[in-house]
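Subject: Structure handover

Hello,

Here is the structure I said I would pass on.

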Amino acid sequence: MSDKSGKGLDRRRFLGVAGAGAALSAMPAMAGEGLKPDPKITEVQDWQRYLGDGVAKRPYGMPSKFEKNVVRRDVSWLTASPESSVSFTPLHALDGIITPSGLCFERHHSGIAEIDPADHRLMINGLVEKPLIFTMEDIRRMPRVNRIHFLECAANSGMEWRGAQLNGCQFTHGMIHNLVYTGVTLKTVLNEAGLKPNAKWLMLEGGDAAAMNRSLPLEKALDDVILAFAMNGEALRPEQGYPLRAVIPGWEGNLWVKWLRRIEVGDMPWQTREETSKYTDLLADGRSRKHTFVMDAKSVVTTPSPQAPLRHKGRNVLSGFAWSGRGSVKRVDVSMDGGRNWRTARIDGPVLDKSLVRFYVDFDWNGEELMIQSRAMDSSGYVQPTKDELRKVRGVNSIYHNNGIQTWLVRANGETENVEIS
Ligand code: MTE
Ligand code: CO
């Protein structure tokens, strides 16, 4: 056959592929000691018989159909409407430190605003020398920075204050994501407007139907706040505030105003809904803590966990995340017996300020019950408390800032449950 037409070439390639598959059945490795012939190796598989999709069939890549269960999920009884609600990151199915864009948990007070960037404006007003209105084009022409940070909703683990409740780290810890942001520093933008000497606080306002707003101390604004237009190398997703959101490293997610349309400069906090009736921490004696911005050190084991039980005896990998809003994670300890004995986990991958770190414990499991816990320590010397230690200080009235140590009970059959040790 010396057919030079494209058709002929395709046919030869097809035969070539099938031929390679057929040759596998005679693989000498099959004769190896203790190796049973496996039809998945010895037989030609269906997907080897045909050409796959060519290029441009999938102009925007999606995960394999076999990953269809790795999705954000919500808890239907949690909120009255899906527009003012939350979906959770499937932490049990992820690895490394970066959250894939399509799996980031979402928290909206009035649903997802759909904004054409050409129509979007950011206004700076209040105690400034020169009130300004920026288009997205204006913002993209300012000096850019790239930073990796976690965003944790203050209400993450909020349902667990009075005891173990939700069976899965997606639901107990999934109000967190960790992304690479590209944007401009808020300091650059504020310098352009020029701050008046009595400027002390800013009010950040969103362009969604809630016009969600929060007060931010000027000191933080000038420190490390970014106005981001990109995440993980592409434009922000609509769910994450396209075309512009505030990134407030290490501070509670509520301050990270999405669809950011206005920044007002003032000399005191605005006492908005989100910092008075919400996002304040009700203590046992009825008083409330206000402006509790920082997210303290916290960690969670993601495998094993209720949605990722142990399936094999012998060699296993325990894995999880740790983070701190006060700096970097210095160490993560893991216990398999409910906190009696601890070993230091192996952190692998980048250790960055106010970013998730990934940890592992490579271990052998002989089928005994385990009580798995993890405990984070950060660069400020802070150690993640037990849930009981936390309750002694904070009571159980709060929803927010629950960073207590999580316990997973692994049963002899590998099934794993959310429990508490008292
Ligand atoms: N910004 C606006 N404009 N509207 C909102 O509803 N939700 C806040 C914050 N910014 C919100 C917002 C809350 S409570 C959190 S936890 C984070 O956005 C969630 O960010 P995400 O949806 O990217 O996960
Ligand atoms: Co929130």
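Predicted model: local features only at pLDDT ≥ 70, side-chain atom pairs only at ≥ 80, totals over all residues.

Residues are numbered from 1 along each chain as its sequence is written, chains are lettered from A and ligands numbered from 1 in the order in which they are written, and side-chain values use heavy atoms, with hydrogens and water left out.

Overall build

The protein has seven helices and 23 strands (DSSP runs numbered from the N terminus: H or I of at least four residues for helices, E of at least two for strands). Its C-alpha atoms fill a box of roughly 80 × 65 × 40 Å along the principal axes. Of the 422 residues, 49% count as buried (buried is under 20% relative accessible area, exposed is over 50%, partly exposed is in between, with a 1.4 Å probe and protein chains only).

Ligand site

Ligand 1 sits in the largest cavity. A cavity here is a set of points, on a 1 Å grid over the protein atoms alone, where a 1.4 Å probe fits but cannot get out; a molecule sits in it if more than half of its atoms lie within 2 Å of its grid points. There are 21 residues around ligand 1, and Phe-105, His-109, Asp-208, Arg-245 and Lys-258 come nearest (a residue is near if one of its heavy atoms lies within 4 Å). By class, this shell holds eight nonpolar, seven polar and six charged residues (Ala, Val, Leu, Ile, Met, Phe, Trp, Tyr, Cys and Pro are nonpolar, Asp, Glu, Lys and Arg charged, the others, Gly among them, polar). Strand 2, residues 106-108, gives the most to the shell, with three residues.

Oxygen atoms of ligand 1 make these polar contacts (pairs of N or O atoms within 3.5 Å; within protein, one must be able to donate a hydrogen and the other to accept it, and residues adjacent in sequence count only if both atoms are side-chain atoms):

- a polar backbone atom of Phe-105, at 2.7 Å
- a polar side-chain atom of His-109, at 2.7 Å
- an N or O atom in the side chain of Gln-240, at 3.0 Å

The protein covers 100% of the 530 Å² of accessible area that ligand 1 has on its own (Shrake-Rupley method, 1.4 Å probe).

His-149 and Lys-354

His-149 lies in strand 5, residues 145-152, and is buried at 7% relative accessible area. Its side chain reaches the backbone oxygen of Lys-354 at 3.1 Å and that of Asp-353 at 3.5 Å. Lys-354 belongs to the loop between strand 19 (346-348) and strand 20 (357-365). Lys-354 also counts as buried, at 13%, and has a positive phi near 55 degrees.

Other backbone geometry

Most residues other than glycine have a negative phi, and most peptide bonds are trans. Trp-259 is not a glycine, yet its phi is positive, about 50 degrees. Trp-259 is in the loop between strand 11 and strand 12 (260-266) and is buried at 1% relative accessibility.

- Tyr-242 to Pro-243, with omega about 10 degrees; Pro-243 is in the loop between strand 10 (234-235) and strand 11 (245-247)
- Thr-303 to Pro-304, with omega about -5 degrees; Pro-304 is in the loop between strand 15 (298-303) and strand 16 (314-323)

Regards

Note on methods. 1 Å grid on protein atoms, 1.4 Å probe; cavity = no way out; pocket = protein on both sides within 12 Å on 5 of 7 lines; lining within 4 Å.
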